[in-house]
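User: Please take me through the helix packing and the aromatic contacts of this model, one point at a time.

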Amino acid sequence: MEPDFLRYSCQMVLPGFSEAAQGRLQQAKVLIVGAGGLGCPAAQYLTAMGVGIIGIADYDLVSITNLHRQILYTPADVGLNKATVACEHLHLQNPGIKLIPHDVKINSDNVMSIISQYDIIVDGTDNFETRYLLNDACILVNKPVVYGAIYQFEGQAAVWNITNTDGTQSPNYRDLFPEVDATQIPNCADGGVIPTLAGIIGCIQANEVIKYITQTGELLAGKVLIFDALTLQSRIIKIANSTKINIKGLVATVDIPTLSIKEVKQGLAGNTLELVDIRTDQERDVFDIGGIHFEADEIDQNADYLNNEKVKVLYCSSGKRSGEAVKAIKQKWPDAKVFSLDGGLKAWSEQH
């Protein structure tokens, strides 16, 4: 047996999983967007199974708080780019495949050029703007998306935009969630997540990719799997056979103005800015770094304050909610002098 096939011999003896199926894996090109809790296990298993080309897109840096669930990284990787480090580690696991890091933030300007290089997209993102952008872009160029999401003890997985036998397209993310108020939904850093859940859902995503490429099994198309890590119960909810959404173009992404920890500390020392904590009352009771406090859904009630001449820096646990809040404020009042604290309290604590 050839060395490559010897490596993959245990999967090639599966019923319906032949040498031809392995050949399809080796010819496949998969893009993983988000090298975090979901992207790490998905990437590891797709690498191990011999997917020929794997791209990893993530502009974020490894943080110490990532390590409990983002299992590709070690303490020595803290401060380094996730996409680059992930590709280096995965290359050691399987030198026979091609790994391509994309050290960029996916936005409306570059998404088409990046996804056009791949056959299928794995959505491991942790923000709604990128999730919707990926969804819409893949519909426009007819590429499937393998969706995953986790929060606290619950995970979800689905496969979007598959061509049905009658030529229609299966549902996509907007069929399930037409729109979401992202300022009201905490992410993992804000609300917490059990790390094993990331591994479970990430592996399910990898499994759906393998099924799609090798043309085996029944895809999670037109339905969504919901998994509860506390009870180990799962259920599959049927959405529809085909999409009801008509995507005609991309919504332009918005660059959120941020200030670094260093810039904020300098501004506080010089009394040139004010802090605004937009977390919940319960979060603020545990820890805060000062400033006034109102929650993310109270923006309209504080319109006069947000539009005065003083520079305001909004903060939350990770910078995600404050970023969404700043984006919402700038959409309402473009001249408002508001910024998001880059990295949030997590970054603030790590630099102390």
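**Aromatic rings and helix packing**

User: Over which ring does the charged end of Lys 265 sit, 5.2 Å from its centre?

Analyst: This is a predicted model, in which local features need pLDDT of at least 70, side-chain atom pairs count only at pLDDT 80 or more, and totals for chains, interfaces and linings use all residues. Residues are numbered from 1 along each chain as its sequence is written, and side-chain values use heavy atoms, without hydrogens or water. A charge sits over a ring if NZ of Lys or CZ of Arg is within 6 Å of the ring centre and within 35 degrees of the ring normal. At 5.2 Å from the centre, the ring under Lys 265 is that of Trp 348.

User: Which residue places its charged end over the ring of Tyr 173?

Analyst: Tyr 173 belongs to a cluster linked by ring pairs, together with Tyr 132, Tyr 147, Trp 160 and Phe 177. Rings of Phe, Tyr and Trp (its six-membered ring) pair if their centres lie within 6.5 Å. The charged end over Tyr 173, 5.9 Å from the ring centre, is that of Arg 131.

User: How does α3 lie relative to α10?

Analyst: Helices are DSSP runs (H or I, at least four residues), numbered from the N terminus. The axes of α3 (residues 19–27) and α10 (residues 195–214) come within 9 Å and cross at roughly 110°. Angles of 65 to 115 degrees count as such, so α3 is to α10 roughly perpendicular.

User: How many nonpolar residues does the contact of α4 with α10 have?

Analyst: α4 (residues 39–49) packs against α10 at about 40°, with the axes 7 Å apart. Contact (heavy atoms within 4.5 Å) brings α4 residues including Tyr 45 and Met 49 to α10 residues including Gly 202 and Val 209. Ala, Val, Leu, Ile, Met, Phe, Trp, Tyr, Cys and Pro count as nonpolar, Asp, Glu, Lys and Arg as charged, and the others, Gly among them, as polar. With two polar and no charged residues, the nonpolar count is 10.

Terms used: Axes are lines fitted to C-alpha atoms, for helices over the stretch in contact, and angles run from 0 to 180 degrees between N-to-C directions. Helices (H or I, at least four residues) and strands (E, at least two) are DSSP runs, numbered from the N terminus. Angles under 35 degrees count as roughly parallel, over 145 as roughly antiparallel, 65 to 115 as roughly perpendicular and the rest as oblique. Rings of Phe, Tyr and Trp (its six-membered ring) pair if their centres lie within 6.5 Å; planes under 30 degrees apart count as stacked, over 60 as edge-to-face and the rest as tilted.
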